2 protein chains.
Amino acid sequence: MSLSVTLTALPGVPDIQDGDNLSAIFADCLSKADLALRDGDILCVAQKVFSKAEGCIIPLASVTPSPEALRYGEELNKDPRKVEVVLRESARVVRSFKRPDQNEGTMICEHRLGFISANAAVDQSNFGEEDAAMVLPKDPDASCARLRRDLAERFDARIGVVMTDTFGRPWRLGQVNVAIGLSKVPATIREQGNLDAWGRPLEVTEPAFADEIAAATGLVVRKNGRTPAVLLRGLDWQPTDSRGADILRKKQEDMFR
Amino acid sequence: MSLSVTLTALPGVPDIQDGDNLSAIFADCLSKADLALRDGDILCVAQKVFSKAEGCIIPLASVTPSPEALRYGEELNKDPRKVEVVLRESARVVRSFKRPDQNEGTMICEHRLGFISANAAVDQSNFGEEDAAMVLPKDPDASCARLRRDLAERFDARIGVVMTDTFGRPWRLGQVNVAIGLSKVPATIREQGNLDAWGRPLEVTEPAFADEIAAATGLVVRKNGRTPAVLLRGLDWQPTDSRGADILRKKQEDMFR
């Protein structure tokens, strides 16, 4: 059992461009900080870094809004081209809403990858392009796996990689980072719970390991965009084949909905 | 800005008994681990430790279930005396549910303190008493404030204290620790967001600082109950007058409900 865990933001991560080799960039940042990856390390990287490197930026001038997007745009005072991007990313719109105090309304969407978040995780901030929308990487798990393999080879170390995004949540204010892509990092860790009078498990404790990691990185990441990668060292975990979707609750089992 | 944060589980925390002096106990654990609290440290402590020290354990033999508790007990296959404790802790029952695969159903409740969680945070595990239920401390913020003042005095250091509990959440599997009591630790940290075309804030980024801290502690806490206190060092924060309720989203502003 690990009694101490350290989170270190990789210093000096440059602005990422389409086509950049993330493993080379992070290896360089680590080396400049006199850090080398070791067995058991987990690197946690913000989604926007992957999206930029993979060119997931859509100029709004190229987008023709559908009638549905025009309707939402009108209702919510949103750019219908951005709405169109949101709709293309979504499996469904869970809810849409414009409070009197809001300039622009919000769409709560189920992303085609299964995550539920505001605006299907489509982002307009922090990527330096006017009139463009950034969407999630096509396959966050595959992006994580590529980065993990490359870094594992460079450092000859068994590591894990987590991709995070920043989500609002029901009932509680503010945003936390959550895991949306995984390579080798377990989504949750099942612990033995209590047994009932017949010796059957009554309650299963299942910490959301990947989301704990993601949320923790918020403590060292600041939104100026210069610390999008955080190294976690000292964690107690075993490599496993996992996917970001492992952490999604099946609708029929979701008592909180 | 802090680029590195360390989480250290306090080793050797004993089983807590009604009336125990938590600050003396934690000071002893810190000293045995050659640790002293410093300005800027935050101590994050599990709810059950406070509940035990404050005697928040209710023998079920002393509880007479109301007709409402009997009805829920029948419906959900739950001990009606435990249901009665849950109802007494709750402002309202948000939803109750028994899936075919569950031995015992779940009540999603709004606690009188405003938190929404399973069974109004009433716990039957990890406190070594048969037929008893553990409830939250009466005033988690006051409990945190007492502990913070005592420890700050012992160590002559400006510190913060967070009380956590372990909650399930909508849409995503597993549990994470969340903050339910605060002393001097800001619930959220407001950062400047983007401006719209008229120079007005379009999006406000507001990391849920206290919940990030709480979730991070899950990475070093294991459920054997022996590491209920975690020291966080290296955080970037300013002491503020805060309450656990600061992190609750007002119902009318909750687009996720």
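This is a predicted model: local features need pLDDT of at least 70, side-chain atom pairs count only at pLDDT 80 or more; totals for chains, interfaces and linings use all residues.
**Entry: helix α6 of chain B**

I started with α6(B), where F209(B), A210(B), D211(B), E212(B), I213(B), A214(B), A215(B), A216(B) and T217(B) are buried. Buried here means under 20% relative accessible area, exposed means over 50%, and partly exposed lies in between, with a 1.4 Å probe and protein chains only. That is nine of the nine residues of helix α6 (residues 209–217), so I noted the helix as mostly covered. Helices are DSSP runs of H or I with at least four residues, strands are runs of E with at least two, and both are numbered from the N terminus.

Residues are numbered from 1 along each chain as its sequence is written, chains are lettered from A and ligands numbered from 1 in the order in which they are written, and side-chain values use heavy atoms, with hydrogens and water left out.

**Entry: helix α5 of chain B**

Next I looked up α5(B), residues 140–155. This helix has 16 residues and spans 22 Å from its first C-alpha to its last, close to the expected 22 Å; the expected span is 1.5 Å times one less than the number of residues. I listed its buried residues as P140(B), D141(B), S143(B), C144(B), A145(B), L147(B), R148(B), L151(B) and A152(B). What do the buried residues of α5(B) pack against? I found α1 (22–32), β2 (42–46), α2 (47–53), β8 (160–167) and β9 (176–183) of chain B. Contact means heavy atoms within 4.5 Å. Just after the helix, D156(B) takes a positive phi of about 50 degrees.

S23(B) is buried, at 2% relative accessible area. Setting aside neighbours within four places in sequence, S23(B) contacts L147(B), D150(B), L151(B) and R154(B).

**Entry: α1 against α5 in chain A**

In chain A I looked at how these two helices cross. The axes of α1(A) and α5(A) (residues 140–155) come within 9 Å and cross at roughly 45 degrees. That makes α1(A) oblique to α5(A). The axes are lines fitted to C-alpha atoms, for helices over the stretch in contact, and angles run from 0 to 180 degrees between N-to-C directions. Under 35 degrees counts as roughly parallel, over 145 as roughly antiparallel, 65 to 115 as roughly perpendicular, and the rest as oblique. I logged the crossing as right-handed, which is the case when the near helix is turned clockwise from the far one by less than a right angle, anticlockwise being left-handed. On the α1(A) side I found L22(A), S23(A), A24(A), F26(A), A27(A) and L30(A), which meet L147(A), D150(A), L151(A), R154(A) and F155(A) of α5(A).

**Entry: salt bridges**

How many salt bridges are there over all chains? I get 36, counting a side-chain nitrogen of Lys or Arg within 4 Å of a carboxyl oxygen of Asp or Glu.

- D15(A) pairs with K52(A), with the closest N and O atoms 3.6 Å apart. The pair links distant parts of the chain, 37 residues apart: D15(A) is in the loop between β1 (4–9) and α1 (22–32), and K52(A) is in helix α2 (residues 47–53). D15(A) is partly exposed at 45%, whereas K52(A) is buried at 11%.
- R71(A) pairs with E75(A) at 4.0 Å between the closest N and O atoms. They sit four residues apart in helix α3 (residues 67–76), about one helical turn. An α-helix has 3.6 residues a turn, so residues three or four places apart point the same way. R71(A) is partly exposed at 46%, and E75(A) is partly exposed at 46%.
- D246(B) meets R243(B) at 3.6 Å, N to O. I have D246(B) as partly exposed at 31% and R243(B) as partly exposed at 48%.
- D79(A), R81(A) and D131(A) are linked in a network of salt bridges.

**Entry: chain A overall, and R38**

Among contacts with a separation of 6 or more, 62% come from residues 24 or more positions apart.

One residue I followed up was R38(A), in the loop between α1 and β2 (42–46) of chain A. R38(A) touches A157(A), R158(A), I159(A) and R233(A), not counting residues up to four places away in sequence. R38(A) and I57(A) are 19 residues apart in sequence and 33 Å apart in space, C-alpha to C-alpha.
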